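Dear colleague,

Please find below the structure that I am handing over to you. A summary of the findings follows it.

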Amino acid sequence: MSRIGKKPINIPGGVTVDVTDKGTVTVKGPKGTLVQDVNPDITVKVEDNEIVVTRPTDSKRHKSIHGLYRSLINNMVIGVSEGYKKDLELVGVGFKASNQGQILELNLGYSHNIFMMLPDEVALKAETAKGKNPIITLESIDKELIGQVAAKIRSLRKVEPYKGKGVRFVGEQVRRKAGKTAAKK
């Protein structure tokens with residue numbers, strides 16, 4: 001029983017949802033427009049300010065994609081109305097971040113700087129305050145895309161458990177290891 005799939009999605013004010021016969025869902029809102037193709041087995045209906053997602057049978061495959069498409073459509077509605085934001089923090093001596101438009105320049109302790117071109121759908125802001133770690137702020141209406149970009153940036157220097165150096169999400173807890181102990185006398 002898919003509990004997530006059965007929940008209807010409330011449509012906030014200023015958001016319009018269109019469903020075509022071929023199963024394409026288009027969500028338009030104040031922040032932009034998102035489009036998602038839905039499996040032909042799953043039915044999406046807009047009924048009195050709510051989106052209802054239904055499945056034809058109780059087979060395992062239909063149950064799994066039922067919840068999936070309900071979550072994807074819900075993420076689209078939230079994205080076009082509120083948007084998504086992720087903050088990444090660079091922890092380490094000499095780690096720097098700056099941007100020129102959509103090009104992110106990172107200095108992560110390697111022998112060279114890393115240049116990364118971000119998609120136009122993701123708004124980028126890199127800021128460095130004196131005495132604090134550099135912070136990269138990503139904003140987008142597409143939850144999947146912003147998560148993918150943040151994961152790619154994070155993978156450039158994973159957080160190591162001994163000193164805690166690396167790229168991490170703001171507020172992320174890192175499990176620390178003790179390291180070597182001093183020799184006994």
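Which backbone nitrogen lies 3.3 Å from a polar atom of the side chain of Asp142? It is the backbone nitrogen of Glu144. Before the remaining findings, please note that this is a predicted model, in which local features need pLDDT of at least 70 and side-chain atom pairs count only at pLDDT 80 or more, while totals for chains, interfaces and linings use all residues. Residues are numbered from 1 along each chain as its sequence is written, and side-chain values use heavy atoms, with hydrogens and water left out.

Asp142 sits in the loop between strand S12 (135–140) and helix H3 (143–155); helices (H or I, at least four residues) and strands (E, at least two) are DSSP runs, numbered from the N terminus. Asp142 counts as partly exposed because its relative accessibility is 27%, where buried means under 20% relative accessible area, exposed over 50% and partly exposed in between (1.4 Å probe, protein chains only). Leaving aside neighbours within four places in sequence, Asp142 is in contact (heavy atoms within 4.5 Å) with Leu34 and Tyr84. Between the C-alpha atoms of Asp142 and Lys163, 21 residues apart along the chain, the separation is 34 Å.

Strand S2 (residues 16–19) and strand S3 (residues 24–29) pair in the antiparallel sense over 4 bridges; two strands pair if DSSP finds at least two bridges between them. Within this pairing, Asp18 stands opposite Thr26 in S3. The hairpin has 4 residues between its strands, and Gly23 takes a positive phi near 95° there.

Thr24, in S3, is buried because its relative accessible area is 18%. Its side chain is joined to that of Asp37 by a polar contact of 3.0 Å (a pair of N or O atoms within 3.5 Å; within protein, one must be able to donate a hydrogen and the other to accept it, and residues adjacent in sequence count only if both atoms are side-chain atoms).

The nonpolar cores

A nonpolar core is a set of buried Ala, Val, Leu, Ile, Met, Phe, Trp, Tyr and Cys residues joined through side-chain atoms within 4.5 Å. The largest has 23 residues, of which Leu104, Leu106, Ile136, Leu138 and Ile153 touch the most other members. Elements giving two or more residues to this core include strand S7 (84–91), S12 and H3, and the largest share, 5 residues, comes from H3. Another core, of 19 residues, lies apart from it, with Ile9, Val17, Val27 and Ile141 among its members.

With kind regards
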